[in-house]
Amino acid sequence: MTVSITRDGEIAIVTVDNPPVNALSQRLRQDLWQAAEALDADGAVRAVVLICAGRTFIAGADVCEFGKPPLPPHLPDLVARIEAASKPWVAAIHGSALGGGLEVALGCRFRVASAPASLGLPEVRLGIVPGAGGTVRLPRAIDPAFAVDMVTTGTPVAAPKACQQGLVDAIIDGDLESGAVDFARTALEQSLPLPLRERAVRAADEDFWETAAGAVGARAKREDAPLRGLACVRRATEVDFDLAMAFERETFLELRGSTQAAALRHVFFAERAAPRPPQLNGISPRTIRSVAVIGGGTMGAGIAAAFRDAGHPVTLVERDDPAVERGLANLRAIFDSSAKRGRITPEAAAERLAGVTGTTDYAALADVDLVVEAVFEDLDVKRRVFFELARVCRANAVLATNTSYLDPQRIADGIAEPERFLGLHFFSPAHVMKLLEIVPTNATAPAVLATGFALARVLGKIPVRAGICDGFIGNRILKVMRAQAERLLLSGTTPQMVDAAMRVFGLPMGPFEAHDLGGLDIAAFQRRAARARGEAPFAPIADRLCAMERFGQKTGGGWYDYSEGTRTPQPSRTVDDVVAEEAKGWSQQQWSDGEVADCIVLPMVNEAAKILEEGIALRASDIDLVEIHGYGFPRWRGGPMHYAERRGLSDVGAALDRLAAAGLAEPPCGLLRRAVVAGNWAGAMEERS
């Protein structure tokens with residue numbers, strides 16, 4: 001049984017025990033229904049406390065049932081059954097009451113919670129809306145504006161704030177169960193409030209809904225669920241309970257079968273699987289209690305801040321005292337910015353900075369557990385750093401390089417105990433960006449690789465294992481994106497047309513805007529290194545702009561012009577002239593937004609397929625996570641590999657063949673052609689093996 005019933009006098013205690021997160025499986029729904037029936041029939045019971053065993057209250061739906069037809073009792077019926085119980089139910093919440101868990105709690109007459117608990121309706125993050133009355137009961141419990149925020153963002157609310165808003169009736173200090181029983185006894189001595197279905201909705205300001213629609217639409221961009229969730233909450237304020245429930249359920253069922261919901265479910269499962277690769281089952285990571293970072297520039301400071309945010313003491317090493325001071329100043333700016341934005345208190349900012357020790361002396365690293373190198377992207381410089389680290393650090397200390405492009409194998413070549421070395425490729429700003437590419441060498445010990453994944457969990461990152469090649473997974477695909485963007489310029493478009501089309505596709509900014517923000521000189525440095533290896537990277541326009549020292553926003557001009565003191569891109573006559581010169585001999589054409597997106601995205605898919613075929617990425621979903629969390633690929637499209645599969649791999653292959661025939665892309669690679677036949681990436685990979 002997932003449910004047990006005990007008694008404390010006239011109060012029944014229904015305990016849910018469905019590890020690990022008390023998910024609302026069919027069995028649990030059935031057991032809760034039977035408990036409600038039995039307790040209604042028990043004349044000795046006057047009230048019911050619903051509480052959960054383990055680390056959390058009901059944390060939502062059972063992920064094993066995602067995408068499958070639900071079996072009765074359906075959740076809306078269960079919530080209605082609890083709400084209609086002849087004895088009042090009190091939901092006693094600890095951990096998280098999320099999604100269906102909060103909807104069950106809303107069916108109870110009262111809600112009490114421990115102070116650290118949180119409550120939320122995160123369904124929009126899966127491309128759907130609450131489907132068991134969440135959008136209908138919530139605005140009957142709290143102010144509609146607060147309900148709109150909860151439903152359309154999916155962000156959980158801390159129990160104290162929920163109590164202030166009226167969503168929680170009391171915060172329980174001490175033992176939750178005994179506190180909830182005492183609350184129930186006290187409630188029985190007073191007039192009981194109406195069930196939420198019978199309560200009126202608080203009125204909103206006259207112009208509230210139009211203002212909310214504008215704000216939600218701007219935040220959601222092209223995601224459907226947030227605006228549909230807003231519509232559900234609005235309907236709940238305008239019609240009776242039953243009509244609002246019917247509207248919510250219709251919306252829920254429509255969205256559940258949508259392309260966006262399928263993409264977001266795909267990302268959800270990919271993110272769940274990422275921190276626990278099956279290849280590391282049974283392998284224990286090394287313990288990391290102290291960390292050192294070599295280099296205090298933008299990347300090094302961001303990495304140090306990420307470790308301080310996770311509670312690790314950090315030693316920051318720089319080449320001289322002025323560089324140490326600059327590194328500490330960079331960290332101070334990060335923490336002060338977080339405090340100004342309200343993410344942490346000023347006291348917490350000071351405490352985090354106090355946990356960083358700056359030094360020029362490598363001997364200070366003799367006892368640290370982990371060292372992350374974040375110095376200039378030069379092979380010889382990095383090799384000197386690691387030879388010094390191998391000399392001064394303990395033999396079991398983990399040594400990691402943050403290189404973006406260089407071969408970690410060559411960086412570590414010849415150091416003592418090479419099994420302790422691996423690549424940890426953070427993305428800038430490292431304290432904000434969620435992606436962490438973990439790059440083992442041939443010598444990396446399994447326990448050290450496992451340590452990389454364990455660190456990602458501690459830091460709140462999404463880890464992806466990447467093999468060794470120029471740019472690993474993400475930057476290798478980025479090079480293709482930039483090359484395709486230049487081919488489009490040579491074929492009749494402009495930077496602003498390309499950027500606008502990619503924003504329509506769903507990227508937060510276009511490739512030229514992003515390149516100007518990051519700096520054209522960084523990619524130029526990598527191209528020079530590639531040419532030294534005998535490669536021939538395609539960037540005729542970018543190379544011309546770099547020769548003119550147009551490196552982007554930092555120099556007042558790159559792909560666009562920038563006025564002093566502003567980051568607003570303006571079309572550049574200089575760039576137009578360079579494009580016109582380089583485009584001689586190229587066929588010109590008119591491009592629609594969709595054609596521009598295909599010319600960029602589909603070659604990215606082709607390069608991703610090569611990466612998968614070469615074993616640089618182990619799973620197609622890993623590539624999707626890299627692109628979503630590192631490069632802004634729209635989450636609601638599921639990443640490039642999922643997007644291609646949902647669009648139809650035969651269509652993708654045919655479109656690439658047309659681009660290749662026009663000299664605008666490479667033809668489909670072997671894995672992509674096999675995937676066209678198989679209909680999916682998994683079938684193509686099985687055929688390869």
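The paragraphs below take up the cores, the cavity, the strands and then some backbone details.

The coordinates come from a predicted model. The largest nonpolar core has 78 residues, and the members that touch the most others are Ile473, Trp559, Ile623 and Trp681. Helix 24, residues 593-613, supplies the largest share of this core, with 12 residues. A second core is separate and holds 55 residues, among them Ala35, Trp89, Val157 and Val233.

Apart from neighbours within four places in sequence, tryptophan 559 is in contact with Glu486, Leu489, Pro495, Phe512, His515, Asp516, Leu520, Ile541, Ala542, Leu545, Ser572 and Val575.

Searching the whole structure gives one cavity of 30 Å³ or more. The largest cavity contains about 60 Å³ of space. Its lining includes Ile82, Glu83, Lys87, Trp89, Cys108, Arg109 and Pro195. Helix 2 (75-83) and helix 3 (100-107) are the elements that give two or more residues to this lining. Sorted by class, the lining residues are eight nonpolar, one polar and three charged.

Strand 1 (residues 3-8) pairs with strand 2 (residues 11-16) in the antiparallel sense, over six bridges. Within this pair, aspartate 8 has isoleucine 11 of strand 2 as its bridge partner. The two strands form a hairpin with two residues between them, and glycine 9 in the turn has a positive phi of about 65°.

Strand 7 (residues 118-120) runs antiparallel to strand 8 and is joined to it by two bridges. Serine 118 has alanine 158, in strand 8, as its bridge partner.

Which way do the residues of strand 15 point? Phe421, Gly423 and His425 point one way, Leu422, Leu424 and Phe426 point the other way, and all are buried. Strand 15 covers residues 421-426, and six of its six residues are buried. Strand 14 (residues 398-401) runs parallel to strand 15, with three bridges joining them, while strand 16 (residues 435-440) pairs with strand 15 in the antiparallel sense over five bridges. Glycine 423 takes part in both pairings: it is the bridge partner of threonine 401 and stands opposite valine 439 in strand 16.

Some backbone geometry remains. The peptide bond from proline 19 to proline 20 is cis, with omega near 5°, and proline 20 lies in the loop between strand 2 and helix 1 (26-40). Another cis peptide bond joins proline 72 and proline 73, with omega about 0°. Proline 73 is in the loop between strand 3 (47-52) and helix 2.

Positive phi values also occur in residues other than glycine. Lysine 221 has phi near 55° and sits in the loop between helix 8 (208-220) and helix 9 (225-238). Is lysine 221 buried or exposed? Lysine 221 is exposed, because its relative accessible area of 58% is over 50%. Glutamate 417 has phi near 50° and belongs to the loop between helix 16 (408-412) and strand 15. Glutamate 417 is partly exposed, with a relative accessible area of 30%.

Notes. Residues numbered from 1 in each chain as written. Predicted model: local features only at pLDDT ≥ 70, side-chain atom pairs only at ≥ 80, totals over all residues. Heavy atoms only, no water. Core = buried A, V, L, I, M, F, W, Y, C linked by side-chain atoms within 4.5 Å. Buried < 20%, exposed > 50% of the residue type's maximum accessible area, 1.4 Å probe, protein only. Helix = DSSP H or I, 4+ residues; strand = E, 2+ residues; numbered from the N terminus. Contact = heavy atoms within 4.5 Å. 1 Å grid on protein atoms, 1.4 Å probe; cavity = no way out; pocket = protein on both sides within 12 Å on 5 of 7 lines; lining within 4 Å. Points joined across faces, edges and corners; volume = space filled by probe spheres on them. Nonpolar A, V, L, I, M, F, W, Y, C, P; charged D, E, K, R; others polar. Pairing = 2+ DSSP bridges.
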